[in-house]
Amino acid sequence: MQWLLVVAAYAYLIYRLVTYDNYSSLVDHFHSAGVWQYVALVCAIALFPINILAESLKWRYLLSEIEPMSIQEAQRQTYFGFVGAFLTPSRLGDYPARVTLMHDKSNWLSAITLGFIGTLALAFVQVLCGLPAYIYLFSTIITNPAYRLPLVIICSLTLLLQIVFILFYPNIPRWWLRRPLKYKKTRLTLEAISRFSHQRFLTTCLLSVLRYAVYCLQLWCVMVFCGINLSPLQALVAITAYYLLVTVTPSVPIADAAVRGSWSIIIFGAFTDNIAGVAIAAILLWVLNSIMPMIVGTFEKKK
């Protein structure tokens with residue numbers, strides 16, 4: 001199973017590299033970039049392991065009650081998760097890939113479920129931080145009505161559903177546990193969710209804030225490398241609004257880079273005429289946060 005994921009991931013990566021037709025712009029920019037721009041790129045790359053560490057800490061915390069593990073083991077599983085995420089719509093294969101490296105497979109369904117609660121925590125942080133920035137941006141700077149009302153409604157409903165779920169999710173599995181259950185894995189999963197208190201969810205959100213901050217710093221560094229200089233306020237508004245839109249937009253791997261590139265052009269294009277630089281920044285960020293960890297993950301195998 002693990003080798004099939006690895007082969008499929010590399011086949012897709014080769015396909016993307018072969019079909020990409022804008023290498024000349026990338027090469028030209030690397031030739032023309034100054035020293036400080038390269039410093040910014042090095043900083044973005046240096047943040048890559050910190051990004052993985054933040055996600056590994058969260059994964060380790062989520063599974064602490066069903067499979068305690070070292071931070072090194074959590075990092076191994078997190079890296080391999082990128083292989084599954086790279087091949088599936090909306091990164092749904094991330095946690096199923098991670099659990100293939102678990103030592104105790106009896107809790108695989110509980111681990112996947114808790115992983116998705118961790119994803120919800122990150123999405124909650126992104127929507128909570130990005131919605132005010134989005135409303136400000138699309139009401140004062142980008143006045144195109146095609147983007148304003150529909151996405152405000154989508155983002156607001158997303159936030160509302162998240163809040164409702166957070167308030168009531170521990171009670172739902174407790175109610176189901178009072179009923180006779182046929183499958184043992186279902187009971188184990190419901191028990192794991194019911195023990196995941198609001199306090200533990202808040203801790204997961206705080207760990208997600210760390211990763212979100214790294215994401216934002218990486219994007220800012222990549223933008224500087226691409227010659228896009230924004231004021232602190234402009235960067236705060238644009239970056240948080242960008243990650244909000246990426247979060248609420250469903251995507252498949254074959255179109256993920258295109259979706260991110262499109263949103264980056266719409267958002268950052270409001271502050272700069274360097275559209276080519278914006279597109280290159282989106283591609284570089286995709287390489288940093290999707291391609292690099294996927295490549296590392298292909299070398300991870302169960303010990």
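This is a predicted model: local features need pLDDT of at least 70, side-chain atom pairs count only at pLDDT 80 or more; totals for chains, interfaces and linings use all residues.
Visitor: Before we start, what counts as a helix or a strand here?
Guide: Helices (H or I, at least four residues) and strands (E, at least two) are DSSP runs, numbered from the N terminus. From that end, the elements run α-α-α-α-α-α-α-α-α-α-α-α-α, with 13 helices and zero strands in the protein.

Visitor: OK, at what angle do helix 3 and helix 4 cross?
Guide: Roughly 110 degrees, and the axes of helix 3 (residues 35–62) and helix 4 (residues 71–86) come within 8 Å. Axes are lines fitted to C-alpha atoms, for helices over the stretch in contact, with angles from 0 to 180 degrees between N-to-C directions. That makes helix 3 roughly perpendicular to helix 4 (under 35 degrees is roughly parallel, over 145 roughly antiparallel, 65 to 115 roughly perpendicular, the rest oblique).

Visitor: Which residues meet there?
Guide: Among them, Phe48 and Trp59 in helix 3, and Tyr79 and Phe82 in helix 4; contact means heavy atoms within 4.5 Å.

Visitor: Switching topic: how much of the protein is buried?
Guide: Of the 303 residues, 50% count as buried, meaning under 20% relative accessible area, with exposed over 50% and partly exposed in between (1.4 Å probe, protein chains only).

Methods
Residues are numbered from 1 along each chain as its sequence is written. Side-chain values use heavy atoms; hydrogens and water are left out.
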